[in-house]
Amino acid sequence: MVAEKKTLTKYPEKMPKKRTKLLAQQSLPAHQPHTLVSEGFTVKAMMKNSVVRGPPTAGAFRERPTKPTAFRKFYERGDFPIALEHDSKGNKIAWKVEIEKLDYHHYLPLFFDGLCEMTFPYEFFARQGVHDMLEHGGSKILPVIPQLIIPIKNALNLRNRQVICVTLKVIQHLVLSAEMVGEALVPYYRQILPILNIFKNMNVNSGDGIEYSQQKRENVGDLIQETLGTLERYGGEDAFINIKYMVPTYESCLLN
């Protein structure tokens, strides 16, 4: 046995075939070059082993953080003549004063400022209060239009889907609330419509499924199309040109 071991070490060609196959398979790993991550348009980006880092996302659809609103401050201080009333149909606002006697120049912009709120009870009081005041406002609404533009713009700029849907419904109600309101909003399209242009095509591709948000009027793309149509219909002669300037892909609902 000792003589056989010596012959195998002296003459490797006499080693068993299985052992040689195993040695052939256990080859040394190839050296992989280290990749270097670099910014675009730099000297490092021209090197062989560099990988250029792509540009950062613009964040056009990213939600913005909410800021404390004046509506919350006034509500916590008890300045609003409102209270929560529980009904068989749900919650509603119990107004302590007749809505027609309210100072719209003071209260309506504050309620519009509360459209940014997303926590109960602030969001409920703000949204329901806006609709109640628009329903009973009449001729008092038109003079307050310039004060409502910044709260509407701030609510849309949050880019929150729920807040956008609520604000679009409020804009539609605002246009229909009194005469000449639609025409009074035309000069302010530059403040309102840029966000609508971003989210105009945001629809859910459900194939042959059912999109229930359309029935609840919570589909952002459909609501934007509906709102633009309402603005054009009640905005007078110059409405379509101004909408087209801010939303280039918009097609008229009247001319076609």
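Select Leu-142 to begin: with a relative accessible area of 33%, this residue is partly exposed, a class that lies between buried, under 20% relative accessible area, and exposed, over 50%, as found with a 1.4 Å probe on protein chains only. The model is a predicted one, in which local features need pLDDT of at least 70 and side-chain atom pairs count only at pLDDT 80 or more, while totals for chains, interfaces and linings use all residues. Residues are numbered from 1 along each chain as its sequence is written, and side-chain values use heavy atoms, with hydrogens and water left out.

Leu-142 sits in the loop between H5 and H6, where helices (H or I, at least four residues) and strands (E, at least two) are DSSP runs numbered from the N terminus. Show its contacts, meaning heavy atoms within 4.5 Å, and, leaving aside residues up to four places away in sequence, you will find Glu-179, Met-180, Val-181 and Ala-184. Leu-142 and Ala-184 are 42 residues apart in sequence, yet 7.6 Å apart in space, C-alpha to C-alpha.

Next select helix H6 (residues 145-157) together with H7, which pack at an angle of about 160 degrees with their axes 9 Å apart; the axes are lines fitted to C-alpha atoms, for helices over the stretch in contact, and the angles run from 0 to 180 degrees between N-to-C directions. H6 and H7 are therefore roughly antiparallel to each other, since angles over 145 degrees count as such, those under 35 as roughly parallel, 65 to 115 as roughly perpendicular and the rest as oblique.

In the loop between H6 and H7, stop at Arg-159, which has a positive phi of about 60 degrees although it is not a glycine and which counts as buried at 11% relative accessibility. For a counterpart, go to Phe-41 in the loop between strand S1 (36-38) and strand S2 (50-52): its phi is also positive, near 60 degrees, but Phe-41 counts as exposed at 91% relative accessibility.

Of its 61 residues, Phe-112, Leu-174, Leu-185 and Leu-193 touch the most other members, and the largest share, nine residues, comes from helix H7 (residues 161-177). Centre on Leu-185, which touches Ile-145, Ile-149, Leu-174, Val-175, Ile-192 and Leu-231, not counting residues up to four places away in sequence.

Move on to H9, where Tyr-189, Ile-192, Leu-193, Ile-195, Leu-196 and Phe-199 are buried. Seen down the axis, these buried residues fall within an arc of 155 degrees, so they line one face of H9, the arc being that of the directions from the helix axis to the C-beta atoms. They pack against H6, H7, helix H8 (181-184), H10 and H11.

From there, select helix H11 (residues 239-246), in which Ala-239, Ile-243 and Met-246 are buried; they cover an arc of only 65 degrees around the axis, which puts them on the same side of H11. These buried residues pack against helix H9 (189-199) and helix H10 (220-234), whereas the face turned away from the buried side carries the exposed residues Ile-241 and Tyr-245.

Finish at the peptide bond between Phe-120 and Pro-121, which is cis, with omega about 5 degrees; Pro-121 is found in the loop between helix H4 (104-113) and helix H5 (122-137).

How values were computed:
Core = buried A, V, L, I, M, F, W, Y, C linked by side-chain atoms within 4.5 Å.
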